[in-house]
Amino acid sequence: MVTGRRSFLLAAIAAAYLKTCCALSSNAAATATTTSNSCSSPLMSTEDIQKISQGGVAIIPNWLPPHLITAMHDDAQQLFQDGQFRPDGLTNTAIKEQGFSKKADRQTFRGGAGWDSDIGDLKTRQEFADRMKELRIQLAQSLNRPTLAEDGKLKHEMTYNWYEPGAKLGRHLDEHHEETKGPTGWMTPTRRSVTWLVYLNEGWSKEEGGALRCLPRSDASIQKNTVQVGCHEGNLQVGWINDGVDPVFLDVFRESGGAALYQVNNNSAEREILSVMDFDVPAQPIDFSRFLKEDIRESFAQISTSRLDPRFANKDAAANNNNGAIAQHDFDCSDEPTILDVTPVAGTLVVFDSVSLPHLVREVTGKRQRIAATGWFHEDSQFSIEM
């Protein structure tokens, strides 16, 4: 049975699909020209780009020039003193679901129009933005994500993050399949594709805490992976099979009007359907394993779960359940097979796929603030519904 929400989506596809496909084709051609002209000196190595493609974490020390580290750190401090930062998650539900407290919230630069606001050291922020644009264009070509290269409204996010001593951020993913977001999932024309962070903390030590804790698959699984993670033909990834080697994607635009889970065959590059039959995607919390063929089910590992992604996967359950289940979420990762901690040392660039990598920020235990420039490069969604 086709749900009311799916009927609404399918009614919009006829008008949106051809328009979007044509746009993506022209964008890809334009991107190829733009990239060849702009990336004469690559800002990231082939090896690091391969890590991102396979679901790993690219970590590049000393990536940001020293003059920008100093200028951006000073800019962030002045903006904070001028009251241009705001707490990131202080709603009643955020405190319960995300592990925030009024004294331990991440704060984000929210001045005026944001990064391009005519406040603080705009010249320095523009110089940094130009550098990040060059990186974005390189990634668009090297990852074969052509719409990353485009500029435009709602295309990319860039800000400063500020953690006071005691602040931390719980486990989460930065992006999710549109269909799992409920009725509003298809209302925006773009989605997060690549997550990046650049640290601005001179002389930061491990003892000061605040490490970015990433939870990737094992090195062996990453090295065996031959299919790019995150997205395939517009369909976002929702899990792994075969010990984290092969990504599993969700296609919600089947001829049946339902959805299917599939992997991409390493040899033929064709889809191999993994679900028993087409299905309607339920509301959160979602367990995709119950739709899989029995011989696949045991090896399936879902990305967004109440353990790895509690503030998203449990959000609907929390609204109807006050028994404290969400409050049990903590920052202990002793149950994870692979843990990668990144100390937030000034100048270090960290980049990873936004869809496939759970991560958190450990508590700042030192006596000073943890400051970084952070953001997301966006790709176009398959289509969006214009309201």
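In what order do the strands of the open sheet of 7 strands follow one another? The order is β1-β15-β6-β17-β4-β3-β2, and the pairing is antiparallel. The legends below describe close-up views of this sheet and of other parts of a predicted model.

**Figure 1. Overview of the protein chain.** The predicted model shows a protein chain with 9 helices and 17 strands. Of the 387 residues in the chain, 52% are buried.

Figure 2. Helix α2, formed by residues 46-53, lies across β1 and β15. The direction of α2 is at about 145 degrees to β1. Helix α3 lies across β2, β3 (107-109), β4 (156-163) and β17 (370-380). Relative to β4, helix α3 runs at about 75 degrees.

Figure 3. Ser193 is located in strand β6. Is Ser193 buried or exposed? Its relative accessible area is 0%, so Ser193 is buried. Leaving aside residues up to four places away in sequence, Ser193 touches Arg145, Leu148, Asp353, Ser354, Phe377, His378 and Glu379.

**Figure 4. Packing of helix α3 against helix α5.** Two packed helices are described by the angle between their axes and by the distance between those axes. For helix α3 (residues 66-81) and helix α5 (residues 122-142), the angle is about 130 degrees and the axes are 9 Å apart. The two helices α3 and α5 are therefore oblique to each other. The crossing in which α3 passes α5 is left-handed. On the α3 side, His67, Leu68, Ala71, Met72, Asp75 and Leu79 take part in the contact, and they meet Thr124, Arg125, Glu127 and Phe128 of α5. Sorted by class, this contact comprises 5 nonpolar, 2 polar and 3 charged residues.

**Figure 5. Strand β10 and its two partners.** Strand β10 consists of residues 246-251 and is mostly covered, since 6 of its 6 residues are buried. Which residues of β10 are buried on each of its faces? Asp246, Val248 and Leu250 are buried on one side, and Pro247, Phe249 and Asp251 are buried on the other. Strand β9 (residues 235-241) pairs with β10 in the antiparallel sense over 4 bridges, and Gly239 stands opposite Val248 in this pairing. The hairpin of β9 and β10 has 4 residues between the strands, and Asn242 in this hairpin takes a positive phi near 60 degrees. Strand β11 (residues 260-264) is antiparallel to β10 and is joined to it by 3 bridges. Here Asp251 stands opposite Ala260 in β11.

**Figure 6. The loop between β12 and α7.** Arg290 is found in the loop between β12 (271-273) and α7 (294-297). From C-alpha to C-alpha, Arg290 and Val276 are 9.2 Å apart in space, and they are 14 residues apart in sequence. When residues up to four places away in sequence are not counted, Arg290 touches Pro282 and Arg297. Pro285 also lies in the loop between β12 and α7. The peptide bond from Gln284 to Pro285 is cis, with omega near 0 degrees.

**Figure 7. Two loop residues with a positive phi.** Asn62 is found in the loop between β1 and α3. The phi of Asn62 is near 60 degrees, which is a positive value in a residue other than glycine. With a relative accessible area of 68%, Asn62 is exposed. Ala269 has its place in the loop between β11 and β12. Although Ala269 is not a glycine, its phi is positive, at about 65 degrees. Ala269 counts as exposed because its relative accessibility is 53%, and the cut-off for exposed is over 50%.

Notes. Residues numbered from 1 in each chain as written. Predicted model: local features only at pLDDT ≥ 70, side-chain atom pairs only at ≥ 80, totals over all residues. Heavy atoms only, no water. Axes fitted to C-alpha atoms, helices over the stretch in contact; angles between N-to-C directions. Parallel < 35°, antiparallel > 145°, perpendicular 65-115°, else oblique. Left-handed = near helix turned anticlockwise from the far one by under 90°. Contact = heavy atoms within 4.5 Å. Nonpolar A, V, L, I, M, F, W, Y, C, P; charged D, E, K, R; others polar. Pairing = 2+ DSSP bridges. Buried < 20%, exposed > 50% of the residue type's maximum accessible area, 1.4 Å probe, protein only.
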